[in-house]
Amino acid sequence: MDCKSTKTLVQDYLSGNMDDETCMDFIRHVNTCPSCYEELETYFAINRVLSYLEDGEDDASQSYNMRKLLTDDLKKNEKRIRRTRMEHMIFAVSMTAAEAALVFTVILKYLPSLYELISGGLRWFGGL
């Protein structure tokens with residue numbers, strides 16, 4: 001991702017309207033480009049301040065270190081995307097294993113002599 005496309009996606013990132021792949025590319029670019037990080041940090045700070053004003057919160061324990069809040073937000077989104085990718089991978093592996101078990105079950109059901117066929121072949125080669 002380049003600086004121009006990153007800067008056009010700042011508002012999408014802040015509003016959470018970005019697909020995972022684009023978000024990951026955006027985060028990678030922002031983490032390596034000081035100019036884009038600075039621009040994101042500016043908009044992030046404005047967004048946070050407006051959010052505090054709209055909510056009417058005046059919590060003394062609330063952190064106003066915008067750089068830390070932005071860094072935490074970027075890390076949180078990165079972690080969420082990685083977790084989602086891992087869940088998809090685990091689901092795909094599980095589905096593949098289930099499909100393989102189903103195929104094996106069907107084969108055993110409709111070819112009852114498969115074991116005999118295999119064991120006979122192995123005996124022919126000197127096994128079993």
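A: From the N terminus on, the elements run α-α-α-α-α-α, and in this predicted model the protein accordingly holds six helices and zero strands. Of its 128 residues, 24% count as buried, while the accessible surface comes to about 9,400 Å², with 61% of that area belonging to carbon and sulfur atoms. Among contacts between residues at least 6 apart in sequence, 62% join residues at least 24 apart.

Against this background, the structure holds one aromatic pair. The partners are Tyr13 and Phe26, whose rings are stacked, with 5.1 Å from centre to centre and 20 degrees between the planes; the pair counts as stacked because that class takes in planes under 30 degrees apart. Tyr13 belongs to helix α2, which spans residues 10-15, and Phe26 belongs to helix α3, which spans residues 20-32, so the pair ties together parts that are 13 residues apart in sequence.

Glu41 is placed in helix α4, made up of residues 34-55. When residues up to four places away in sequence are not counted, Glu41 touches Met66, Arg67 and Leu70.

Technical notes
Residues are numbered from 1 along each chain as its sequence is written. This is a predicted model: local features need pLDDT of at least 70, side-chain atom pairs count only at pLDDT 80 or more; totals for chains, interfaces and linings use all residues. Side-chain values use heavy atoms; hydrogens and water are left out. Rings of Phe, Tyr and Trp (its six-membered ring) pair if their centres lie within 6.5 Å; planes under 30 degrees apart count as stacked, over 60 as edge-to-face and the rest as tilted. Helices (H or I, at least four residues) and strands (E, at least two) are DSSP runs, numbered from the N terminus. Contact means heavy atoms within 4.5 Å. Buried means under 20% relative accessible area, exposed over 50%, partly exposed in between (1.4 Å probe, protein chains only). Accessible areas come from the Shrake-Rupley method with a 1.4 Å probe; for residues, only the protein chains shown count as cover.
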